[in-house]
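Here is a short briefing on charged side-chain pairs. Have the sequence and the 3D view open as you read.

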Amino acid sequence: MSLIDQALKANEQFARKYDPKLGGRPQPKIAIVTCMDPRLSDLEGILGLKTADMDVIRTGGPAVTDDVMGELVVSTRVLGSKEIMLLNHTGCGFTTFTDKELNEKLARETGDATPVPMRLFSFKDPEENTRAQIERVRSHPWIAKDVPVRGFIFDVDTGRLREVKHG
Ligand SMILES: [Zn+2]
């Protein structure tokens, strides 16, 4: 059975015990941008915050794209988040290639170069990446100045967070 079929089966059980009150209006308190990497999935465990309090925006890296900026604006301006956390990590898969390398490789392997250049947001240094993210979010005119924007690197070997200071 595929994992999706397995998940559909499990959802039938889940829905039987579902509390309809959970369908009420979301009231996030913090927006967190983090990587798609499964090692960053247990945010309740890593951060000790409640799932209901977190707007979690995930991209590879993570990359703070135009779309992510839009989501941060909505999270803080519409939904009520009061803080922004940029959560990077060590050992990211997006540091293992460059956009150019992967574009060339996939075009070669598939024999089809029509998607080139695909923007993949690869990077080399998580610290540098985090600083650039803080700068990008902090300087956005629609992110209120009283919303703290802080960046961190999660060490996948120790489970510890380290703050990256801007500037
Ligand atoms: Zn990653």
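**Salt bridges around E163**

K165 and E163 form a salt bridge through their side chains, with an N to O distance of 3.7 Å. The model is predicted. Across the whole structure, a search turns up nine salt bridges.

- K165 counts as exposed, because its relative accessibility is 59% and the cut-off for exposed is over 50%.
- E163 also meets R150 in a salt bridge, at 2.8 Å from N to O.
- R150 sits in strand 4 (residues 149-154) and E163 in strand 5 (residues 161-164), so this pair ties together parts 13 residues apart in sequence.
- R150 is partly exposed at 41% relative accessibility.
- E163 is partly exposed too, with a relative accessible area of 25%.

**The K29 and D53 pair**

- K29 bridges to D53, and their closest N and O atoms are 3.1 Å apart.
- D53 has 17%, so it counts as buried, the cut-off being under 20%.

- Among the salt bridges found, some share partners and join E127, R131 and R162 into one network.

Terms used. Residues are numbered from 1 along each chain as its sequence is written. This is a predicted model: local features need pLDDT of at least 70, side-chain atom pairs count only at pLDDT 80 or more; totals for chains, interfaces and linings use all residues. Side-chain values use heavy atoms; hydrogens and water are left out. A salt bridge is a side-chain nitrogen of Lys or Arg within 4 Å of a carboxyl oxygen of Asp or Glu. Buried means under 20% relative accessible area, exposed over 50%, partly exposed in between (1.4 Å probe, protein chains only). Helices (H or I, at least four residues) and strands (E, at least two) are DSSP runs, numbered from the N terminus.
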